[in-house]
Amino acid sequence: MIKTAEAKSDSIIETSQEKRERFLMEFEKPFKCEKCNERFKKKKYLREHKSQIHSY
Ligand SMILES: [Zn+2]
């Protein structure tokens, strides 16, 4: 029973941490590929990714 409660609180902490991580990710990597949702720090990387992965 105690273990279940601990797991619950753990998941709440994880969720807020995930939110923070996602926020940081969007802040650090604002360039998103709309085809595969991959994120990039620089526009140049996104362009390179597009030309390599989605070349046709
Ligand atoms: Zn892509």
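**A walk through the chain**

A: Tyr45 counts as partly exposed, because its relative accessibility is 37%, where partly exposed is the range between buried (under 20% relative accessible area) and exposed (over 50%), worked out with a 1.4 Å probe and protein chains only. This is a predicted model, in which local features need pLDDT of at least 70, side-chain atom pairs count only at pLDDT 80 or more, and totals for chains, interfaces and linings use all residues. Residues are numbered from 1 along each chain as its sequence is written, and side-chain values use heavy atoms, with hydrogens and water left out.

Q: Where does Tyr45 sit?

A: Tyr45 is placed in helix α2, where helices are DSSP runs of H or I with at least four residues, strands are runs of E with at least two, and both are numbered from the N terminus. Between Tyr45 and Phe31 there are 8.6 Å in space, C-alpha to C-alpha, although the two are 14 residues apart in sequence.

Q: OK, and what pattern does the chain follow along the sequence?

A: The pattern reads α-β-β-α, with two helices and two strands in the chain.

Q: How much of the chain is buried?

A: Buried residues make up 9% of the 56 residues in the chain.

Q: Is Cys33 buried or exposed?

A: Cys33 counts as buried because its relative accessibility is 0%, whereas Cys36, at 34%, counts as partly exposed.

Q: How many disulfides, then?

A: The count comes to zero disulfides, a disulfide being a pair of cysteine sulfur atoms within 2.5 Å.

Q: Switching topic, which residues form the positive surface patch?

A: Lys29, Lys41, Lys42 and Lys44 form the positive patch. Patches are made of residues with over 30% relative accessible area and no salt bridge, joining like charges within 9 Å and nonpolar side chains (Val, Leu, Ile, Met, Phe, Trp, Tyr) within 5 Å, and a salt bridge is a side-chain nitrogen of Lys or Arg within 4 Å of a carboxyl oxygen of Asp or Glu.

Q: Where are Lys42 and Lys44 found?

A: Lys42 is in the loop between β2 (39–40) and α2 (43–53) and is partly exposed, with a relative accessible area of 48%. Lys44 lies in helix α2 and counts as exposed, since its relative accessibility is 54%.

Q: Which residues make the nonpolar patch?

A: Phe23, Leu24 and Phe27 make a nonpolar surface patch of about 360 Å². Phe27 belongs to helix α1 (residues 2–28) and is exposed, with a relative accessible area of 64%.

How values were computed:
Areas by Shrake-Rupley, 256 points an atom, 1.4 Å probe, with all protein chains shown as cover. Lys, Arg positive; Asp, Glu negative; His and termini not counted. Charge placed at Lys NZ, Arg CZ, Asp CG, Glu CD.
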